[in-house]
Protein chains: 2
Amino acid sequence: MGRRRTVSAGEPLIWEDDDSLLVANVIEGVLKLTTSTADGREQIVGVAYPSDFIGRPFGQTSAASVVALTDARVCVFARNDFDRFAREHPELEHKLLERTLAELDRTRAWMMLLGRKSAPEKIATFLLDMSERLADNGCMTHIGPARQFTLPFSRQQVADLLGLTIETVSRQFTKLKSDGVVALPGRRDVEILDRAALQALAG
Amino acid sequence: MGRRRTVSAGEPLIWEDDDSLLVANVIEGVLKLTTSTADGREQIVGVAYPSDFIGRPFGQTSAASVVALTDARVCVFARNDFDRFAREHPELEHKLLERTLAELDRTRAWMMLLGRKSAPEKIATFLLDMSERLADNGCMTHIGPARQFTLPFSRQQVADLLGLTIETVSRQFTKLKSDGVVALPGRRDVEILDRAALQALAG
DNA sequence: GGTCCGGTTTGATTTCGGTCAAGGATCGCC
DNA sequence: GGCGATCCTTGACCGAAATCAAACCGGACC
């Protein structure tokens, strides 16, 4: 019933305010959910990792665009097929409800960051969050947050996630590096040298 | 199975990070959902109106505090009773899923406001949103957004909702008044004089 | 090796909104 | 009506982050 497809990095899958025609499951890769203003400002309102659900079931339009950050593989369904199927399978609806409630919790925690945290706090919180999200996505080789990881985001995308400008993000990264809190071996690579310091900064 | 209770203005119903012991339906009144930092900064992450659902089913802890903004009547359920009941009644779970998805959409739209909008844009967006939310909550006497309404929020609470300080909120209200965009007949009363201007300001 | 070219960093300057500090209004209560 | 507490407004000033602008880096490609 679902159809597999690939989405290459930068390619959109769903457009904001479009009719909600499809929903999908992420198999591999990372995608961003964004909303934009008329004058082009962008805010990333969610990030979808493997096994995450994307799209808007039971609704006429999608509130956010979905664009692949890395090459991704997804399993897409026609929305009305999915809706019908879901209503006939309470177990599926229950699973979807649990995921949606968890996503709402995460989204609300992010509102705190957007509304009330300073730039250094935002960056520290972001790095700790990434360190947990990107931890051992393979298997149970090691538990706990990752000490070293590769961001699926460019600097501009980090800015769009945190409600900052690219320049501020860059300056804060540089500051953390020169303070010895993190190492930045590559454009998108982060190594956490002093987790306690990051936690203190995160507020 | 549910038990009715009243919550008076300012009284908490659920505490952040507490065990999620109860869920509830709002019958009458308005409540705020908030998260706070250790040093006392607060962000309102949601507002519950009559017929809205509050609490965190299928989860161990609640991510937000719930406090009444006005005197309120709610119908509370023990969370594990509710969870069991819901799993046995797919229609209820479906309804809850629809509401949760709608709430997630609204929350994501608010992230755009928190991360990317200026103070004037935030205030204009807020007033238009209130004008829709508080419209004809009685019956179908008149459709469309309300021209005049009473906010369920103090200035501080508006600030906590928009990620601003109380002083900035106050200044922006004063500006709108002196520009003839709104009239402010009482502390919490708003009358929209020029909706088009507000929409233009909202961005 | 050179040379684009997008993404990133760094610097100078501005500005928006925060902070600090007084005043004023409004409401409940005696 | 008078009084006090709380909430709100206003003003002066400051600072964090945005803006503007320029240099820098690291790949891809020749």
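Figure 1. Along its principal axes, the C-alpha trace of chain A spans about 55 × 45 × 30 Å. Residues are numbered from 1 along each chain as its sequence is written, and chains are lettered from A and ligands numbered from 1 in the order in which they are written. In this predicted model, local features need pLDDT of at least 70 and side-chain atom pairs count only at pLDDT 80 or more, whereas totals for chains, interfaces and linings use all residues.

**Figure 2. Secondary structure and burial in chain A.** Chain A comprises six helices and eleven strands (DSSP runs numbered from the N terminus: helices, H or I, at least four residues; strands, E, at least two). Of its 203 residues, 39% count as buried (20 or more other C-beta atoms within 10 Å of the residue's own, with C-beta atoms placed from the backbone).

**Figure 3. Packing of helices α3(B) and α6(B).** Helix α3 (residues 119-133) and helix α6 (residues 195-202) of chain B pack at an angle of about 130°, with axes 7 Å apart. Axes are lines fitted to C-alpha atoms over the stretch in contact, and angles run from 0 to 180 degrees between N-to-C directions.

Notes. A residue is buried if 20 or more other C-beta atoms lie within 10 Å of its own, exposed if 12 or fewer, and partly exposed in between; C-beta atoms are placed from the backbone.
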